[in-house]
Amino acid sequence: MAEHEESSGGVPPLDEEAAWAAIVAGYGQEPADPPGARPFRPIENLLLPEEDVKPIPPIPPASPASPEPPSAALGSSVVFAPGVGGPGMGAPGPRDHSLADPDDSPEAAKDEGHFVPPEPELPEADATSKFGWLAVVGGPVLLLLAVLLQWEMTWWLTTLGVGGFLGGFATLVARMSSGEDEDDDPGRGAVV
């Protein structure tokens, strides 16, 4: 390779051949761990305590004479509201909650199911909508019957099946409401 001249910043040129030789010589070798890195631990030993980590000393139980509960160790992620304390400190914790006993009296049974959802009201369909749905469903059913019963596919049978479906679909799409006039209906709110 060509010799490189020294750059204007005073940095000596890089010897590419020596760099490639070092890369090739070190191929396949594991690099050294950086300073302060812990050695690799197999998965079987992950739950075992590490030798260089000291366990947190246990917190002494609170005495009745001390006004404040003992503080948690540094790095603890459990935070309690002032004056509440924690589990094991005499104050109830979130797992100490129990449900109230069910009341089996007749008065409670009446009050239990006080809300009954109303039956949904379907709009009355006019004759045009009914015939549109009949054509949308009936056209493919007619063609399916013709295939299953091995009828001869004549021009009028195909026109009735395909044309019925397309005409019924176009009729139903054209009759769809835009929904703009229903925005002012106050009767469709939540029941409290």
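A single salt bridge, defined as a side-chain nitrogen of Lys or Arg within 4 Å of a carboxyl oxygen of Asp or Glu, is present in the structure. This structure is a predicted model, in which local features need pLDDT of at least 70, side-chain atom pairs count only at pLDDT 80 or more, and totals for chains, interfaces and linings use all residues. Residues are numbered from 1 along each chain as its sequence is written, and side-chain values use heavy atoms, with hydrogens and water left out.

The salt bridge joins Arg-175 to Asp-126, with the closest N and O atoms 2.3 Å apart. Because Arg-175 lies in the segment after helix H4 (155–174) and Asp-126 in the loop between helix H2 (106–112) and H3, the pair ties together parts that are 49 residues apart in sequence; helices here are DSSP runs (H or I, at least four residues), numbered from the N terminus. Arg-175 is partly exposed, with a relative accessible area of 41%, and Asp-126 is likewise partly exposed, at 31%, where buried means under 20% relative accessible area, exposed over 50%, and partly exposed in between (1.4 Å probe, protein chains only).

Helix H3 comprises residues 127–148. At 1.5 Å a residue, its 22 residues should span 32 Å, and the end C-alpha atoms are 30 Å apart, which agrees; the expected span is 1.5 Å times one less than the number of residues. H3 bends by about 30° at Gly-138, with a proline, Pro-140, following within four residues, the bend being the angle between axes fitted to the seven residues ending at a residue and the seven starting there. The buried residues of H3, namely Ser-129, Gly-132, Val-136, Gly-139 and Ala-146, pack against H4, with contact taken as heavy atoms within 4.5 Å.

A nonpolar surface patch is formed by Trp-133, Val-137, Val-141, Leu-144, Leu-145, Leu-148, Leu-149 and Trp-151, which together have about 830 Å² of accessible area. Patches are made of residues with over 30% relative accessible area and no salt bridge, nonpolar side chains (Val, Leu, Ile, Met, Phe, Trp, Tyr) being joined within 5 Å and like charges within 9 Å.

H3 is followed by Gln-150, which is placed in the loop between H3 and H4. Phi of Gln-150 is near 55°, a positive value in a residue other than glycine, and Gln-150 counts as exposed at 71% relative accessibility.

Conventions:
Areas by Shrake-Rupley, 256 points an atom, 1.4 Å probe, with all protein chains shown as cover. Helix = DSSP H or I, 4+ residues; strand = E, 2+ residues; numbered from the N terminus.
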